[in-house]
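Morning, everyone. I have one structure to go through today, so please look at it on the screen while I talk.

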Amino acid sequence: MKRPSRASSPARPGALPAPRKRFGQHFLKDGRVLESIADALGDLRGRTVVEIGPGRGALTDLLVERAERVVAVEIDRDLAAHLRTRYASRHAGRSQVEIVEADVLQTVLADLAGGPYVLAGNVPYYITTPIIFHALALPRPDCAVYLVQKEVADRMAAPPGDKTYGALSVNLQAVVNVEFLRKVPPGAFNPPPAVDSAVVRITPREQAVIEPELEARYRSFVLAAFGLRRKQLVRVVRTVASLDAERAGAVVAACGLSPEARPETLTPADFARLVRALQTQQQQPAAD
Ligand code: SAM
């Protein structure tokens, strides 16, 4: 894993660089939206916040006012240099501020935080889902507030049976609670994106429906099952787990599920029962 650079760069004199499309740069300019993201993190006194993609520092400024410590991870070298200059005192406002120039996907967020933390980010839309799953690695943040594409927020929070319910909904809701907090129009950004956005909050479930050691297996099963979302459950289990009809039927029955159910109607807990039953099944020797 590439080590994030913490070396301080000299500040570039002159204006800020123009927004870079390749880094998904749409800077928030609406103060009320910025406040609502910071508010959604709860009381930040004494807390460490890790921010993903601080950009020009619009949200960072609020976090710095409220938190004990802010660690901001920015991939764009020029923006990282700008932020280092902006928070040069290290104790800007109330906070201790650390700017980490790195691809967030190459960092270990909990190591950057060095203890319990909350996470915030108006994240680049081209890697929203990888970032969200990256931040599910254990130990998880106590709370994460993201500004994401609205269509993604809808899928994250969708209940079973909803037309947007899918692998993203199940794989998240198995381990965290997802709250859709508010819609944000393109005009809140500079430059405006082509789509609506939304603020979502993620908090760990008191009791995840799947054990940590089965999470990877669970995610692959759910992804494969939604690849067959119009198929009936016995067919899905047969295909995904390479079982004959009899064994697939037995697994589905043992989980108390209807053989005709479709993946889009199953809850995260239903998927967890299936994954556990399949694991047990695979550990048993074949009958003949
Ligand atoms: N938070 C700022 C705001 O609200 O104005 C900027 C948001 S902009 C949508 C996304 C930010 O993430 C940009 O500053 C971009 O350079 C940064 N970024 C893009 N890819 C990144 C990555 N892989 N790791 C860290 N930062 C990244």
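Val70 is buried, because its relative accessible area is 0%; buried here means under 20% relative accessible area, exposed means over 50%, and partly exposed is in between, with a 1.4 Å probe and protein chains only. Val70 belongs to strand S3. Helices (H or I, at least four residues) and strands (E, at least two) are DSSP runs, numbered from the N terminus. From Val70 to Phe133 there are 63 residues in sequence and 21 Å in space, C-alpha to C-alpha.

Before going further, how to read this. The model is predicted, so local features need pLDDT of at least 70 and side-chain atom pairs count only at pLDDT 80 or more, while totals for chains, interfaces and linings use all residues. Residues are numbered from 1 along each chain as its sequence is written, and side-chain values use heavy atoms, with hydrogens and water left out.

Now the whole chain. The protein chain has 288 residues, and 48% of them count as buried. Its secondary structure comes to 11 helices and nine strands. Along the principal axes, the C-alpha atoms fill a box of roughly 75 × 35 × 35 Å.

Back to strand S3, with Glu74. This residue also lies in S3, and Glu74 counts as buried because its relative accessibility is 5%. Its C-alpha atom is 5.1 Å from that of Glu101, which is 27 residues away along the chain.

Glu74 brings us to the ligand. Which residues come nearest to the ligand? Out of 22 residues around it, they are Gln25, Leu28, Gly53, Glu74 and Asn122; a residue is near a molecule or strand if one of its heavy atoms lies within 4 Å of it. Strand S1, residues 27-28, and strand S3, residues 69-74, each supply at least two residues of that shell. By class, the shell has 12 nonpolar, six polar and four charged residues. For those classes, Ala, Val, Leu, Ile, Met, Phe, Trp, Tyr, Cys and Pro count as nonpolar, Asp, Glu, Lys and Arg as charged, and the others, Gly among them, as polar.

Next, the polar contacts, meaning pairs of N or O atoms within 3.5 Å; within protein, one must be able to donate a hydrogen and the other to accept it, and residues adjacent in sequence count only if both atoms are side-chain atoms. A polar side-chain atom of Gln25 is 2.8 Å from a ligand oxygen atom. At Gly53 it is a backbone N or O atom, 2.7 Å from a nitrogen atom of the ligand. Tyr126 has a side-chain N or O atom 2.9 Å from a ligand nitrogen atom. The ligand taken alone exposes 590 Å², and the protein buries 99% of that; accessible areas come from the Shrake-Rupley method with a 1.4 Å probe, and for residues only the protein chains shown count as cover.

Where does the ligand sit? It is in the largest pocket. A pocket is an open set of points on a 1 Å grid over the protein atoms alone, where a 1.4 Å probe fits, with protein on both sides within 12 Å along at least five of seven lines. A molecule sits in one if more than half of its atoms lie within 2 Å of its grid points.

On to backbone geometry. Most residues other than glycine have a negative phi, and most peptide bonds are trans. The bond from Leu138 to Pro139 is cis, with omega near -5 degrees, and Pro139 lies in the loop between helix H5 (128-134) and strand S6 (143-149). A cis bond also runs from Asn190 to Pro191, with omega near -10 degrees; Pro191 is in the loop between strand S8 (189-190) and strand S9 (197-204). Ser242 is not a glycine, yet its phi is positive, about 50 degrees. It is found in the loop between helix H9 (233-241) and helix H10 (245-254), and Ser242 counts as exposed because its relative accessible area is 64%.

Ala38 lies in H1, residues 31-40, and is buried because its relative accessible area is 0%. Gly42 is in the loop between H1 and strand S2 (48-52); at 36% relative accessibility, Gly42 counts as partly exposed.

Definitions and conventions: On a 1 Å grid over the protein atoms alone, a cavity is a set of points where a 1.4 Å probe fits but cannot get out, and a pocket is an open set with protein on both sides within 12 Å along at least five of seven lines; lining residues have an atom within 4 Å of a point.
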